[in-house]
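Please keep the sequence and the model open while you go through the numbered points.

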Amino acid sequence: MATQPKTTEELKVFISTRDSRCDECRENLGRSAWITLVEGKGALCLSCADLDHLVYLPAGDTALTRRAKKHSTLSAVVLKWSRARRRYERQGLIVEEEALEKAEEECLADSDVRERRREREAVRREEIDQRYLKDFAGRVRELFPGCPARRETVIAEHACRKYSGRVGRSASAKSLDESAVRLAVIAHIRHRETDYDHLLAIGYERQEARFAVEKTLEQVMSKWETPQKRGKND
Ligand SMILES: [Zn+2]
């Protein structure tokens with residue numbers, strides 16, 4: 001597979017200053033929505049842009065930012081228009097959660113970081129409806145009995161955050177139906193088990209990148225759909 005960079009530019013996420021709407025899913029995003037702008041395609045919400053698995057790291061801690069970016073296959077800079085200064089200003093980054101955790105480990109000598117991590121974890125826990133999370137994880141395990149240990153929780157946490165944080169999409173039983181669970185698993189596999197994020201990071205369009213990883217995705221899916229013997233390759 002050719003993985004030559006198509007661009008060396010950073011991906012950019014804009015915090016919108018007016019009411020916006022996603023040009024793909026058509027969802028009203030309200031004011032101050034986080035969007036990406038694609039040439040010729042208009043504005044996309046982070047979900048449609050396939051960036052909604054990334055977590056926000058506000059600017060401020062240079063060492064942490066540098067390390068998190070280094071460890072993250074896919075990251076984007078978050079920009080907001082400053083009316084006073086009439087230019088976009090960098091607010092921080094969105095990065096992979098694991099990259100952020102790794103960066104934090106490296107910065108742990110600094111007790112401040114430890115404190116902030118505790119705070120952030122508390123906020124994340126609050127965002128998530130624990131019962132819904134359990135149900136969702138259970139559905140994942142049921143439909144994908146071969147999925148690696150504890151992975152159903154990772155997938156469920158992401159899905160719960162997504163549904164709970166979005167207007168008009170409550171953590172309802174509807175999102176536990178098979179197709180919703182499958183979509184969540186597919187998104188997870190793409191990001192975690194294929195080159196997808198790397199391809200996006202080097203400038204591939206989403207459709208091209210999806211096409212490039214389709215085979216791997218299918219292989220992983222069918223493996224996960226098959227019950228595995230426990231204790232092996234988890
Ligand atoms: Zn959208």
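1. A salt bridge, as the term is used in this note, is a side-chain nitrogen of Lys or Arg within 4 Å of a carboxyl oxygen of Asp or Glu. Please also bear in mind that the model is predicted.

2. Elsewhere, salt bridges that share partners join Glu10, Lys69 and Arg90 into one network.

3. How many salt bridges does the structure hold? The count is 13, and one of them is formed by Arg206 with Glu24, where the closest N and O atoms are 2.8 Å apart. This pair links distant parts of the chain, for Arg206 sits in helix H8 (residues 206–225) while Glu24 is in the loop between S2 and S3, 182 residues apart. Arg206 is buried because its relative accessible area is 12%, under the 20% cut-off, whereas Glu24 is partly exposed at 44%.

4. A further salt bridge is the one between the side chains of Arg87 and Glu89, with a distance of 3.5 Å from N to O. Arg87 counts as partly exposed, its relative accessibility being 45%.

5. Which residues coordinate the zinc ion? The ion is held by the SG atoms of Cys22, Cys25, Cys45 and Cys48, at 2.3 to 2.4 Å. The angles among the 4 donor atoms run from 105 to 115 degrees, and the site is tetrahedral. Along the chain, these donors follow the spacing C-x2-C-x19-C-x2-C. Cys25 is partly exposed, with a relative accessible area of 31%, but Cys45 counts as buried at 4%.

6. Finally, consider helix H2, residues 97–106, whose buried residues are Ala99, Leu100, Ala103 and Glu104. These residues cover an arc of only 140 degrees around the axis, and therefore they lie on the same side of H2.

Definitions and conventions
Residues numbered from 1 in each chain as written. Predicted model: local features only at pLDDT ≥ 70, side-chain atom pairs only at ≥ 80, totals over all residues. Heavy atoms only, no water. Buried < 20%, exposed > 50% of the residue type's maximum accessible area, 1.4 Å probe, protein only. Helix = DSSP H or I, 4+ residues; strand = E, 2+ residues; numbered from the N terminus. Arc of directions from axis to C-beta. Donors = N, O, S within 2.8 Å, 3.2 Å for Na, K, Ca; no water. Tetrahedral: all angles 85-135°; square planar, octahedral: opposite > 155°, others 65-115°.
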